[in-house]
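Subject: Structure handover

Hello,

The structure is below, for your use.

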Amino acid sequence: MVTFILLGTIVSNVCAYKSYSKHQLWRLHVENNEQVAKLLEFSRIAHLHDINFWSEEFRMNMPIDISIPPEAIDSFSEYLSSNDDKIKYDVVMNDIGAVIDRQKLLHKLRPSTFNADDFAYDKYHTLEDIHAWIDKMVQTYPTLASTFTVGQSYEKRDMKGLKISSSKLATKRDGTPVNQKKAVWWDGGIHAREWISPATNIFIAHTLLSNYSKDPTITHLVDQFDYYILPVFNVDGYAYTWSKDRLWRKTRSKTIIPLCFGADPNRNWDYKWCEGGASRDPCSDTYCGGKPFSEIETVQVSKFIGAHNDTIVHYINFHSYSQLWMTPWGYTTKKPDQFKLQDDGSAAAVDALGAVFGTQYVHGNIGATIYVASGNTVDWTSGTANVTFSYAVELRDTGEYGFLLPEDQIIPTGQETLAGELALLKYIEGHVYA
Ligand SMILES: [Zn+2]
């Protein structure tokens with residue numbers, strides 16, 4: 001009898017959604033380089049203890065958020081104070097599992113706000129729902145919207161996007177038409193658990209479509225650019241966050257280690273690949289992959305961008321969280337020659353974003369703003385594909401909920417990010433159609 005119960009528990013655990021019951025989120029306050037080095041070293045073995053770094057930052061005076069399972073709370077606390085140079089921390093979340101459970105319940109219970117398009121923009125959605133929403137947009141706005149796909153993922157899911165394109169010619173400032181319309185690429189969900197990033201892409205895309213010919217700024221900017229929007233880049237990882245583990249980050253490909261899956265698709269690009277701020281350990285959350293472009297998902301997006309780099313002038317790789325609007329480089333703390341041109345666009349975006357609800361963003365180059373992260377997306381789009389206005393944006397919040405941003409912040413995040421993006425598009429327009 002006992003055997004049966006035990007077996008039943010094991011089987012149900014294998015199939016169940018990963019439990020974060022009593023896991024705590026800690027915010028570490030790192031005060032010197034020795035402490036940074038200590039945590040960097042620890043990060044290489046953290047997965048062995050089911051300890052998960054939510055922050056990618058490993059810098060002095062930058063908070064580092066880490067989730068700790070109940071069985072490691074005492075030993076990790078001891079480790080942090082293991083010498084005279086004690087690393088201080090606060091407990092930000094007492095029970096991550098309880099937050100996940102509460103949000104799941106609210107998601108199910110709260111009536112959706114249905115609008116004319118019959119889609120709840122104030123809720124998170126499964127991959128199937130997002131793909132159905134893309135079809136719905138094409139049906140509702142047939143003269144502006146179409147679908148595109150960059151191919152299939154490792155687990156054979158479509159990497160399906162929404163293209164927005166008007167039949168009007170783009171124009172220079174003086175009103176003369178230009179022959180070749182420039183294009184924009186935005187994506188979300190390259191890291192699976194960053195659910196606010198697909199939701200923000202969806203909100204922005206819908207606002208552009210539903211306000212075309214009503215709002216003069218939106219109408220003008222939709223006429224000036226073609227938009228390629230891939231709401232969910234890492235489709236396998238995203239599906240996995242809905243079915244198995246809310247806090248999964250990487251792709252889902254097999255690695256050389258049997259129980260460790262996936263590479264970090266934001267460390268897998270063939271530009272200064274795995275030179276720093278990335279791991280060669282397949283079990284690490286920042287695993288750069290067995291080789292550059294080992295992941296089919298990054299290969300396909302890079303091919304698409306490469307094939308359209310005569311028109312694509314602007315790329316955003318949306319992430320969460322930290323409220324940062326960043327430009328290359330990530331592989332080094334050095335700034336590219338065109339840094340000022342890129343960063344002035346960030347400044348315009350951050351100002352307009354902050355004017356909506358007062359949300360504060362920091363802007364700068366990745367290497368100096370967070371930490372060196374080589375093989376990342378925008379180093380490649382900028383360095384190899386020559387997409388000048390390439391940005392990595394970390395959306396809300398600054399750590400209160402982190403990846404578990406509540407659904408009631410989806411629309412405000414969408415509204416302020418759209419304001420930032422419209423300001424940035426106006427800035428870019430001034431440069432590419434001069
Ligand atoms: Zn991310």
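Domain bounds here come from an automatic or database domain assignment. On that basis the protein chain splits into domain 1 (18-102) and domain 2 (115-432), and their C-alpha centres lie 28 Å apart.

This is a predicted model, so local features need pLDDT of at least 70 and side-chain atom pairs count only at pLDDT 80 or more, while totals for chains, interfaces and linings use all residues. Residues are numbered from 1 along each chain as its sequence is written, and side-chain values use heavy atoms, with hydrogens and water left out.

Interface: 22 residues of domain 1 are in contact (heavy atoms within 4.5 Å) with 24 residues of domain 2. On the side of domain 1 that touches domain 2, strand 1 (24-29), strand 2 (52-53), strand 4 (88-93) and helix 4 (96-109) each give two or more residues; helix 4 gives the most, with three. Helices (H or I, at least four residues) and strands (E, at least two) are DSSP runs, numbered from the N terminus.

Sheet: four strands form an open antiparallel sheet in the order 2-3-1-4. Strand 2 and strand 4 are at the edges with a single partner strand each, so one side of each has no neighbour in the sheet. Strand 2 pairs with strand 3 (residues 63-68) in the antiparallel sense over two bridges; pairing requires at least two bridges found by DSSP. Phe 53 stands opposite Ile 66 in strand 3.

Regards
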